[in-house]
Amino acid sequence: MSFLSQEKIAEIRDSVDIVDIISNYVSLVPKGKNYFGVCPFHDDNNPSMSVNKDKKIYKCFSCGATGTVFKFVMDYENISFIEAVKKVGESAGINVNLGKIEKPRNNTKLHDIYDLSLKFYINNINTAAGKEAKDYLHGRGITDEIIKEFQIGLALNGKDKLSNLLLKKFDEKEVMKSGLINKNAYGYLDLFYDRIMFPLYDLNGNVVAYSGRIYNKEDNSKYFNTWETEVFKKGELLYNYHRAKDIARQKNQIIVTEGFMDVIRCHSIGIKNVVATMGTAVTKEQAILIKKMAKDVILCFDGDEAGAKATMACSDLLLSLGVTPKIIRLENNMDPDEYIVKHGNDFESKIKHTINIMDFKLDYLKHGKNLNNTVDEAKYVNEAIKEIKKIDDEILQELTIKKVAKETELDEALIRSKIEPVQKVKEIKQKPKPKVKIDKYEMAERNLIYYMLRSTEVIKMYNAKVTYMPTKEYRLLAREIKMFYKDNGFINEADLIDYVECDEETLKTLSKVEEANLKENFSIEEIEDYINVIKDYNIKYEVNRLTTQMKQELDPLKKAEIAQKIVNLKKECNNV
């Protein structure tokens, strides 16, 4: 448990409306007693997440995501449980003084190595030896404030300076894992030297890699990046995510670029809701992160053909997640960094006057085609239809159909006929999955826990009469319920979730239990029946175990003793 008391956590949770908090992230609509919205934790196109205002719990009926307001904020913002409690508390005007919260770390040694390397590089750029590098940055419009904010440093013109420092402090194997040094026949060598160092961060703001830039000579490899390590997986991260996420959520807008210099340049003119993919093809993990930050997603990749191709690929991935991005295309093949250097704050007008995704795609599909040629025109229409099929926005779809029909002088009905069958297939795919059947023993365990979550009387009956729950996941959940009741003297599902600090396995089992969707009222006879079914299972299991043991026993007296135990158990089983 965290050092915040259970009472304080409950006070914070009860002081907010879970519907109001989740509505800040996901659009919710009332339906009966609950509110429904698109689940942000899986590829959800139909609203499958239910939020119960009274129970203060949300649940996705598709992926099973379950929890209280803290779990939602924790997963959506990729922060720790205690940070989520603090954030929710602040939204309710409750000051949660936790002191300095350490950033979550999976590999402390590697992070410590990177922390020391960062201090080393930052110190270097602020010495006399760093003057030329600083002058270079100033000449490119990068101020001291930006240098400090983005922790830009310098690898000096010496091939083993960092190696010597790290090997004095850390084990050689750990240092070699960091990807910061190499080893050859002559000894250890720094991976970076005589380069300006731009730190790359994980989602929590820990430095986990670098991009080093040549600044004082011509070199074909202008930028050189750390190779992937245990803590640096390029396709799972977005540059500047830890700085941009809160601003993006406040504005409900995120701008996605390709390079980290694009992000830094945007910051220099006050645009801070920006992230970068760091030049790689956008992955599904990155697309999900983008989706979580804001509804209004703007793609501003490089203005050349490669940038257009990357925009197409990224937009397709976002569309598959239910996000319809807007597009910025820059003239003369410029990237955002170059455009802002040349045009400054004019970039803001680009943000205000974006291109809708389908206008961009139709223009892209026309490249290299002569629409006066029948074959090219047919190819264009067929490709346009494929793109229209990807859109969930019915209005945008309708407008695009009309546009394609008008420019090609085709009948709108013909284009629609090529799209409607796909929509029907989509509807079939979106039907809920059939429920998995479970046997009577698992049903008894699940139903018993369902009522343990609602009644202290049932918990008491469980404590008195159930010695062993056969299924591990239910056994562990029952144990948590017992412990909670012992510590608090009551039971409440929301409190239990926060008590276990949103433990994933516990929540998964809770989700399965809630799927039982039983009536709220119960009789003692029903509970007795569930307990007897569990007892029956345990007795039969023990009979089978003893039968196997008896077959292997050679001593006649011991064999007879085991046989008697089996007889007694079978009598007990008949009485259950």
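The model is predicted, and local features are reported only at pLDDT of at least 70, side-chain atom pairs only at pLDDT 80 or more, whereas totals for chains, interfaces and linings use all residues. Residues are numbered from 1 along each chain as its sequence is written, and side-chain values use heavy atoms, with hydrogens and water left out.

The secondary structure of the protein comprises 26 helices and 16 strands. Helices (H or I, at least four residues) and strands (E, at least two) are DSSP runs, numbered from the N terminus. Along the principal axes, the C-alpha atoms fill a box of roughly 90 × 75 × 55 Å. Of the 576 residues in the protein, 48% are buried; buried means under 20% relative accessible area, exposed over 50%, and partly exposed in between, with a 1.4 Å probe and protein chains only. The protein exposes about 29400 Å², and carbon and sulfur atoms supply 50% of this area. Accessible areas come from the Shrake-Rupley method with a 1.4 Å probe, and for residues only the protein chains shown count as cover. A contact is defined by heavy atoms within 4.5 Å. Among contacts with a separation of 6 or more, residues 24 or more positions apart account for 64%.

Glu77 belongs to helix H3, which spans residues 69–77. With a relative accessible area of 3%, Glu77 is buried. Its side chain makes a polar contact with the side chain of Tyr25 at 2.6 Å. A polar contact is a pair of N or O atoms within 3.5 Å; within protein, one must be able to donate a hydrogen and the other to accept it, and residues adjacent in sequence count only if both atoms are side-chain atoms. Not counting residues up to four places away in sequence, Glu77 touches Tyr25, Lys87, Tyr241, Lys245, Asp246 and Arg249.

Asp262 is found in helix H11 (residues 260–268). In H11, 8 of the 9 residues are buried, namely Phe260, Met261, Asp262, Val263, Ile264, Arg265, Cys266 and His267. Asp262 is buried yet has no salt bridge, and the nearest side chain of opposite charge, that of Arg265, is 7.6 Å away. A salt bridge is a side-chain nitrogen of Lys or Arg within 4 Å of a carboxyl oxygen of Asp or Glu. The side chain of Asp262 reaches the backbone nitrogen of Gly259 at 3.0 Å and the backbone nitrogen of Asp337 at 3.0 Å. Leaving aside neighbours within four places in sequence, Asp262 is in contact with Thr257, Asp302, Asp335, Pro336 and Asp337. Gly270, which follows H11, has a positive phi near 90°.

Positive phi values also occur in residues other than glycine. Asp194 has a phi of about 55° and lies in the loop between strand S8 (187–190) and strand S9 (195–201). Its relative accessible area is 10%, so Asp194 is buried. For Asn252, phi is near 55°. Asn252 lies in the loop between helix H10 (241–251) and strand S12 (253–257), and at 34% relative accessibility Asn252 is partly exposed.

The whole structure contains 41 salt bridges. In one of them, Lys53 pairs with Asp17, with the closest N and O atoms 3.1 Å apart. This pair links distant parts of the chain, 36 residues apart: Lys53 is in the loop between strands S3 (49–52) and S4 (57–60), and Asp17 in the loop between helices H1 (6–14) and H2 (18–23). Lys53 is partly exposed, at 35% relative accessible area.

Another salt bridge joins Lys369 and Glu383 (2.9 Å, N to O). Lys369 is in the loop between helix H16 (357–366) and helix H17 (374–389), and Glu383 is in H17, 14 residues apart from Lys369. Lys369 counts as buried at 19% relative accessibility, whereas Glu383 is partly exposed at 21%. Salt bridges that share partners also join Arg13, Asp14, Asp495 and Asp498 into one network.

Note on methods. Lys, Arg positive; Asp, Glu negative; His and termini not counted.
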